[in-house]
Amino acid sequence: MVLKEIDSNKFRDMVRVATHRMGRNAEFVNSLNVFPVPDGDTGTNMNLTIESGAKAVAENPSTSVGDLTESLAKGMLMGARGNSGVISSQLFRGIYKATQGMKTLNAQELANAFSNGVATAYKAVMKPVEGTILTVARVAAQEGANKANETDDVEEVMEAIVDGAKKSLKTTPDLLPVLKQVGVVDSGGQGLLFIYEGFLEGILGENFADRYQPDEGEMDEMINAMHHQSVQTQLSTQDIENGYCTEIMVDLTADIPNKKPFNLEEFRNHLSEIGDSLLAVSDDEVAKVHVHTEHPGEVFAYGSQFGQLGKIKIDNMRIQHETIVNDSDEQQESVDFAVIAVASGNGVRKLFESEGVNRIISGGQTMNPSTQDIIDAIKKSGAQKAIVLPNNGNIVMAAKQAAEVSEIPVGIVPTKTISQGLTAMLSFDPDLSVEENVDSMTEDLEAVVSGEVTQANRDTTINDVEVHANDYLGIIDGDIEVDHPDLVTATVNMVEKMLDEDSEIITIMFGRDSNKKQADEVVANLEAKHDDLEFEVHDGGQPVYNFLISVE
Amino acid sequence: MAVKIKTKNGLIDISNGVIATVVGSAATSNYGVVGMASKNAIRDGVDVILNRANYKRGVVVKSEDNEITVDVYIIVGYGLKISEVSRNVQDSVKFSLKNQLGIDTRAVNVIVQSVKVLDE
């Protein structure tokens, strides 16, 4: 039977089924989302957008299709979420404009509506990126228009639109390199295809399953995308709720005792209760299922009611995930040339790590690591050669001893302060030998003046400086030079002494016993007098020293 | 003012012009944004659409530590959900700055200077 026109009831069906289809597949669309921002919400956004449109349609009692397309477009506009949501709202705005005042739609009018949708959608973009939802919409509308020239059957036109969208979606990775890189199709385009498929399903009603079948290849692509998603989200192993990735094929033609009639919808609904990441497709002969569940046995038992089980596959995703995590840990450890630094304080550690230090040994003024600690760190690095930055005068000896007994070549850069260590790291080059690195890294130490601010614990006189207990001391390259009861003043005075005409950059790390506000005060004080200096403030989190300062 | 990033091989200094180009390109790649507008609406006109070379007139960058705040002045197509288009601009600007320049953005403020009616 040829369907000549879409009336308001048919259109309501189309919108309802499309919304349902989009909703059911929202998670899958999310998993494809890498462009323009890989935030994994395209499916959610498109779903909310079309739901808002569907709600407006449901609330409109009109029996005219033109009125309903208007409600759909307005509802989608109001509920538009995300880029893909805004684009689809505009697409349907164009469809509404083309169908204004029409009570029903014939094949030609349907095709025109989609074409006008695409024309409108393309207007609101400065530089259309091909390989996105816009491309999919455009090719789909084209195919629809071609088909409308041949037939007046709206079913065939809608089918052509769906096929066009599907064909175009497959080409998106070739048009958009970022998709190819990740190995997925465009998420927005996929979302639109689900909506269009829903329209077709709405038109065909119960005949949909006979006329329209997803193919095996699509299923495999979807499974890949699902797993791509699992790797992408860096969850910890304990967070995996459903631990077994289970895949079965059910041969629906096989004769088995007490065979139940197969209904894909029911089948999906049941499985979605015992697992997630569900994908299920079927034709008359075979159903194929992919699901993540805690109970793979239940999936088999359920599937086997409808026919014989063909291919069966279970992967324990927790073990897989642990392996991935462990592998990456090991990769991190097996560097060829390791740099090991002694440091304390989270911020300081992070600074060292950001400069390429592979291992940090906890330590500093009050807790010096032993020779053994340093040897252990060298061993654990698994490297063929290593550089150690003691970052404290008291640790240099221990480090040198460790280097002597180590089985691999180890060079010591005699850094006496954290600042020196950070500066030395700037010259590290893993392609050079240990000796060359020690030379170039040590050379730079002269360019940096290190200052440390800490609190005095007793009265004394050193280097002609009178030190009072609880005053703040400014220590420049290991010598106490400043004493002042106020932290900020002591620090500013110390930095003043560190400056010469070549000074350019001042790095200030505030420690556990000081804060950013105090650091900013120091900067403000110094900036007032020296407008040619640049300041950098970091949260070092180090104990003992209120401020670690380097002047370069 | 510019953004400075310290690496193991030295200092990277990214000028505001570079940031403005990245921000402008990210903003205009969003669906519904029909152009960048000038921050000086009175001097340059409210709905003058800037070309790529002039993006910096529609972008204000303020930097602090390794984080920046940007103001983006845009023109949006009529008939679109302006709040949503603007939110998409925020997302993509933030993403592009992190992705292309490695800069964290504290805030992306979108100022819709004008709405352009696209012929139906």
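Chain B exposes about 5,500 Å², of which carbon and sulfur atoms supply 51%. Accessible areas were computed by the Shrake-Rupley method with a 1.4 Å probe, and for residues only the protein chains shown count as cover. The model is predicted: local features need pLDDT of at least 70, side-chain atom pairs count only at pLDDT 80 or more, and totals for chains, interfaces and linings use all residues. Residues are numbered from 1 along each chain as its sequence is written, chains are lettered from A and ligands numbered from 1 in the order in which they are written, and side-chain values use heavy atoms, with hydrogens and water left out.

Chain B has three helices and six strands. Helices (H or I, at least four residues) and strands (E, at least two) are DSSP runs, numbered from the N terminus. The order of elements in chain B, from the N terminus on, is β-β-α-β-α-β-β-α-β. Of the 120 residues in chain B, 48% are buried. Buried means under 20% relative accessible area, exposed means over 50%, and partly exposed lies in between (1.4 Å probe, protein chains only). Contacts (heavy atoms within 4.5 Å) were also counted by sequence separation. In chain B, 65% of the contacts with a separation of 6 or more join residues 24 or more positions apart.

Patches are made of residues with over 30% relative accessible area and no salt bridge; like charges are joined within 9 Å, and nonpolar side chains (Val, Leu, Ile, Met, Phe, Trp, Tyr) within 5 Å. B:Ile82 belongs to helix H3 (residues 82-101) of chain B. The relative accessible area of B:Ile82 is 32%, so this residue is partly exposed.

Chain A contains 22 helices and 18 strands. Of its 552 residues, 52% count as buried. Chain A exposes about 24,700 Å², with 47% supplied by carbon and sulfur atoms. Among chain A contacts with a separation of 6 or more, 69% involve residues 24 or more positions apart.

A patch of negative charge gathers A:Asp500, A:Glu501, A:Asp502, A:Glu504, A:Glu527, A:Asp531 and A:Asp532 on the surface. Lys and Arg count as positive and Asp and Glu as negative, while His and the chain ends are not counted. The place of a charge is taken as NZ of Lys, CZ of Arg, CG of Asp or CD of Glu. A:Glu527 lies in helix H22 (residues 516-529) of chain A. A:Glu527 is partly exposed, at 44% relative accessible area.

Side chains of opposite charge can pair when their charged atoms come close. A salt bridge is a side-chain nitrogen of Lys or Arg within 4 Å of a carboxyl oxygen of Asp or Glu. By this rule, the count over all chains is 16 salt bridges. One of them joins A:Asp152 and A:Lys4, with the closest N and O atoms 3.7 Å apart. This pair links distant parts of the chain, 148 residues apart. A:Asp152 sits in the loop between helix H7 (133-150) and helix H8 (154-175), and A:Lys4 in the segment before strand S1 (5-6). A:Asp152 is partly exposed at 41% relative accessible area, and A:Lys4 is partly exposed at 47%.

A:Glu201 and A:Arg21 meet in a salt bridge of 2.7 Å, N to O. A:Glu201 lies in helix H10 (residues 187-204) and A:Arg21 in helix H1 (residues 8-24), so the pair ties together parts 180 residues apart in sequence. A:Arg21 is buried, with a relative accessible area of 12%.

A:Lys516 and A:Asp520 form a salt bridge at 3.2 Å, N to O. Both residues lie in helix H22 of chain A, four residues apart, about one turn of the helix. A:Lys516 is partly exposed at 30% relative accessible area, and A:Asp520 is partly exposed at 34%. Elsewhere, salt bridges that share partners join A:Arg21, A:Glu197 and A:Glu201 into one network.

Two buried residues of chain A complete the description. A:Ser344 is in the loop between strand S7 (337-343) and helix H16 (346-354). Its relative accessible area is 15%, so A:Ser344 is buried. Not counting residues up to four places away in sequence, A:Ser344 touches A:Gly363, A:Gln542 and A:Pro543. A:Gly79 lies in helix H4 (residues 65-79) of chain A and is buried at 15% relative accessibility. With the same exclusion of residues up to four places away, A:Gly79 touches A:Leu48, A:Thr49, A:Ser52 and B:Lys81.
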